[in-house]
Amino acid sequence: MSEFCPDVGKSSWPELVGVAGDSAVATIEKENPSVNAVVINPGDNYVTAILCNRVLVFVDSNGIVESVPTVG
């Protein structure tokens with residue numbers, strides 16, 4: 001998504017795959033204070049629009065991050 005959101009600072013967190021969602025949110029917001037990280041659980045509804053101040057953190061049914069969180 002960085003092509004849509006230039007100059008947003010750190011824009012992806014591959015190191016957080018396999019980490020608890022709440023911990024991932026805290027890490028993302030600490031490393032890039034200009035974004036709001038949101039945990040998305042299986043079955044949750046969410047807006048699919050690209051927002052340069054948002055990071056969606058997709059977790060599995062155990063609350064573990066299952067894909068790379070990325071700005072947008």
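Helices (H or I, at least four residues) and strands (E, at least two) are DSSP runs, numbered from the N terminus. By that definition, the chain has 1 helix and 3 strands. This is a predicted model, in which local features need pLDDT of at least 70 and side-chain atom pairs count only at pLDDT 80 or more, while totals for chains, interfaces and linings use all residues. Residues are numbered from 1 along each chain as its sequence is written, and side-chain values use heavy atoms, with hydrogens and water left out.

**Stop 1: the whole chain**

Show the chain as a cartoon and follow it from the N terminus: the order of elements is α-β-β-β. The C-alpha trace spans about 35 × 25 × 15 Å along its principal axes. The radius of gyration, taken over C-alpha atoms, is compared with a globule rule of 2.2 Å times the number of residues to the power 0.38. For 72 residues, a compact globule would have a value near 11 Å, and the chain agrees because it has 11 Å.

**Stop 2: the sheet**

Select the three strands. Strands of a sheet pair through backbone hydrogen bonds, either parallel or antiparallel. Here, two strands pair if DSSP finds at least two bridges between them. The sheet is open, has 3 strands in the order S1-S2-S3, and its pairing is mixed. S1 and strand S3 (70-71) are the edge strands, each pairing on one side only.

How many bridges join S1 to S2? There are 5, and these two strands run parallel. To see one place along S2, select Ile-40, which stands opposite Phe-58. S2 and S3 run antiparallel and are joined by 2 bridges. On that side, select Leu-56 and its bridge partner in S3, Thr-70.

**Stop 3: buried residues and the core**

Colour by accessibility. Buried means under 20% relative accessible area, exposed over 50%, and partly exposed in between (1.4 Å probe, protein chains only). Of the 72 residues, 31% count as buried. S2 is mostly covered, with 4 of its 5 residues buried.

Which of its 14 residues touch the most other members? Select Trp-13, Ile-28, Ala-37, Val-55, Val-57 and Val-71. H1 and S2 are the elements that give two or more residues to this core. The largest share, 3 residues, comes from H1.

Keep Ile-28 selected and show its contacts (heavy atoms within 4.5 Å). Leaving aside neighbours within four places in sequence, Ile-28 touches Trp-13, Leu-16, Val-35, Ala-37, Val-55, Val-57 and Pro-69.

**Stop 4: the aromatic pair**

Rings of Phe, Tyr and Trp (its six-membered ring) pair if their centres lie within 6.5 Å; planes under 30 degrees apart count as stacked, over 60 as edge-to-face and the rest as tilted. The whole structure holds 1 aromatic pair. Select Tyr-46 and Phe-58: their pair is edge-to-face, at 5.3 Å centre to centre and 70° between the planes. Tyr-46 is in the loop between S1 and strand S2 (54-58), and Phe-58, 12 residues away, is in strand S2. Tyr-46 is partly exposed, with a relative accessible area of 38%; Phe-58 also counts as partly exposed, at 25%.

**Stop 5: a loop residue**

Finish at Pro-33, in the loop between helix H1 (21-31) and strand S1 (36-40). Is Pro-33 buried or exposed? Pro-33 counts as exposed because its relative accessibility is 70%.

Definitions and conventions
A nonpolar core is a set of buried Ala, Val, Leu, Ile, Met, Phe, Trp, Tyr and Cys residues joined through side-chain atoms within 4.5 Å.
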